[in-house]
Amino acid sequence: QIKWDQSAEDIHNFIRGCDKVPGAWTTINGEKVTMFGSRLWNRMEPRGNKVDIAGCSKQAIVHKYGMVIFGNDGKMVNVSQLQFENGKMIQASKYGKEDTSQAKIEFTPEEEAMIKTLKGVWGGILNVDVDESTDFFKCGAGSMDVVRLVEEVKEKCNGISLQNEDVYMNTGFEDFVNCVIRRGRGIEDKEEFTYDAVKMHVNNMDITFPHQCFIDNEFVDSSDARVFDTINPSDESVICKVSRGTPEDVNRAVEAAKVAFEEGEWGRMNARDRGTLMFKLADLMDENKEELATIESIDSGAVYTLALKTHVGMSIDTFRYFAGWCDKIQGTTIPINHARPSRNLTYTKKEPIGVCGIVVPWNYPLMMLAWKMAACLAAGNTVVLKPAQVTPLTALKFAELVVKAGFPPGVINILPGPGKTNEREKERELFVLQVDFFVFVMYL
């Protein structure tokens, strides 16, 4: 049993030391829960749902990357997997949520035949009679058996590809069968991407777009929940209220971008695959160009036809151009001595620099985004963008397409707002008034 009255590092070492046998456990809501996949959490305290754990002085937080627990030193530990007393294992990020992956499935005759094949595979590995209640690991399976199971499923079940984690998450035969059938049908156990959308009927079409900050592939309210009005310049009506980014939001966005660059999938990705994602994003922009142009028109005052051809059209062209550069960014070799036998040379290697901060103006807001961001992404950087306060909407609609294109979390972050903190607002306004007065006097 985990003793919570100790430092985060000691808690982490205890959980890791018990991984996977016998397993470090605690009590949550009166139920014994075993924790796996421990890491020290050196990031900011995540946003999420709070959970009471027996013996913990501070509530744990369930968030998109697991469950964060606090040591008595105020530092944090993150666990990625939880196992219940019945042997069921889940992602810690799904604790307290409805598990749709285990919904009852009606099998086709071909799938019934596949289930018989799976039963034979399990029987061959475990040397037991397999039924729906059979647990893979309680029957003595180990990590090498997991690898064998994944390979045999791919070979004997029409090339269905599983990850090792799928086995750990579905240790019972019934759950495993559901997982394989869902993969065969192309159903992933990922949460559907949703956000609080603004819906309007404009330009003879229905449009939807986000209005919150975009951090780590999620649309979230600003840390202080403040908003501002974005105005339609053609009639000065309020289009919607938009979240107003704060310094804390900037810190979260930069942190997410840094993790994506240094530890995440983006930093390890082949340059050609990076280009594929950018091409896919450009294709999605092309599919939604009428909606993007309409949003650009109502938010920036651009003529719709101009927005369609130039603001959006050239943005699409820019992303396609830089997508082609992803696998063509090369260094050079420089001869410094032709003398034989050495013929010495030096060479240069071009590498991404990391997190890039981007600020764009109000005119041509989507095109300015494309000009700056596409080059950064092609080189392998991650970005935090602040659109102009008066024209944030196409940037936020673009962020929606980023998720649909499959960009990893943290690669692109977008924070609308004025770019000034509350403490400096009055000072800034006074300065602007002084400058305006000075210009007025000089004009006279």
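## About the model

The model is predicted, so local features need pLDDT of at least 70, side-chain atom pairs count only at pLDDT 80 or more, and totals for chains, interfaces and linings use all residues. Residues are numbered from 1 along each chain as its sequence is written, and side-chain values use heavy atoms, leaving out hydrogens and water.

## The Carrier region and helix α2

An unreviewed UniProt entry puts "domain: Carrier" at residues 109–184; such annotations may be inferred rather than shown by experiment. This stretch is 66% helix and 0% strand, with its end C-alpha atoms 14 Å apart. Helices (H or I, at least four residues) and strands (E, at least two) are DSSP runs, numbered from the N terminus.

Helix α2 covers residues 109–126. Its 18 residues should span 26 Å at 1.5 Å a residue, and its end C-alpha atoms are 26 Å apart, which agrees. After α2 comes Asn127, with a positive phi near 60°.

## Where α9 meets α10

The axes (lines fitted to C-alpha atoms over the stretch in contact, with angles from 0 to 180 degrees between N-to-C directions) of α9 (residues 289–300) and α10 (residues 304–323) come within 8 Å and cross at roughly 120°. In contact (heavy atoms within 4.5 Å) are residues including Leu292 and Glu296 in α9, and Tyr304 and His311 in α10.

Technical notes. Expected span 1.5 Å × (residues − 1).
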